[in-house]
Amino acid sequence: MKNDRKKFYTELERLCRTPEISILKSFTQHKGTPTFVHCRNVAVYSFHLAEKLGWKIDEISLAKGAMLHDYYLYTVAEKQKETNLSDYRHGITHPQLSLENASKVFQLTPKEKNIIRSHMWPLTLFHIPASKEAWLVCLADTYCAIREMLGDKEELDPEIHSAWIRNYAKRKVQHALSFT
Ligand SMILES: [Fe+2]
Ligand SMILES: [Fe+2]
């Protein structure tokens with residue numbers, strides 16, 4: 001059975017227009033990437049990956065879980081300055097905080113709760129992704145975070161990521177060779 005692309009993107013756009021999700025535009029992470037842009041990137045890549053792998057997923061839960069996975073509602077750099085929050089501490093605490101915040105404004109299914117709570121696995125040892133949707137968000141999150149930390153601050157396009165990986169690898173090899 002095929003995934004319903006229209007259903008996924010309709011739900012994603014609907015969520016992005018809500019004030020509860022729009023609030024993510026006020027916060028940044030990964031060297032200045034707006035949390036809204038990051039969550040949208042993770043949603044788009046999670047769906048893209050599901051298509052590539054041929055995995056049948058729940059379109060609504062994937063869109064919702066991805067958009068809410070980082071719903072911790074602060075700017076990481078500011079919080080770190082104010083409270084001496086280390087990267088590690090932020091890494092292990094924000095999934096639970098995101099789940100608590102998201103539960104206050106959205107009705108979440110057990111699957112959606114697990115997507116949010118387990119997205120930093122294996123850092124969050126006992127909170128393991130328990131569905132295809134949770135694994136997709138966990139993987140897409142890592143990939144998008146790396147891209148964003150390497151300088152991509154705008155919305156990522158899954159259709160061009162293979163070319164980006166090739167070009168990045170090429171640049172790295174050329175850089176390495178220039179030292180030999
Ligand atoms: Fe996160
Ligand atoms: Fe994230």
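In this predicted model, helix α1 (residues 5-17) packs against helix α4 (residues 59-68) at an angle of about 35 degrees, with the two axes 8 Å apart. Helices (H or I, at least four residues) and strands (E, at least two) are DSSP runs numbered from the N terminus; axes are lines fitted to C-alpha atoms, for helices over the stretch in contact, and angles run from 0 to 180 degrees between N-to-C directions. Residues are numbered from 1 along each chain as its sequence is written, and chains are lettered from A and ligands numbered from 1 in the order in which they are written. Local features need pLDDT of at least 70 and side-chain atom pairs count only at pLDDT 80 or more, while totals for chains, interfaces and linings use all residues.

The crossing of α1 and α4 is right-handed, that is, the near helix is turned clockwise from the far one by less than a right angle. On the α1 side, Lys7, Phe8, Glu11, Leu12 and Leu15 take part, and they meet Glu59, Ile60, Leu62, Ala63, Lys64 and Met67 of α4; two residues are in contact if their C-beta atoms, placed from the backbone, lie within 7 Å.

Helix α4 also packs against helix α8 (residues 132-149), where the axes come within 10 Å and cross at roughly 40 degrees. This crossing, too, is right-handed. Ser61, Leu62, Gly65 and Ala66 of α4 make the contact with Glu133, Leu136 and Val137 of α8.

Helix α8 itself has 18 residues and spans 26 Å from its first C-alpha to its last, close to the expected 26 Å, which is 1.5 Å times one less than the number of residues. Buried residues of α8 include Trp135, Leu136, Val137, Cys138 and Asp141, a residue being buried if 20 or more other C-beta atoms lie within 10 Å of its own. The buried residues of α8 pack against β2 (33-34), α3 (35-53), α4 and α7 (110-117). After α8 comes Gly151, with a positive phi near 120 degrees.

The largest nonpolar core contains 35 residues, and Val42, Ala43, Ala63, Ala66, Met67 and Val137 have the most contacts inside it. Such a core is a set of buried Ala, Val, Leu, Ile, Met, Phe, Trp, Tyr and Cys residues joined through C-beta atoms within 7 Å. At least two residues of this core come from each of α1, α3, α4, α6 (87-105), α7 and α8, and α3 gives the most, with nine. Apart from neighbours within four places in sequence, Ala66 contacts Cys39, Val42, Ala43, Ser46 and Val137.

Key. A residue is buried if 20 or more other C-beta atoms lie within 10 Å of its own, exposed if 12 or fewer, and partly exposed in between; C-beta atoms are placed from the backbone.
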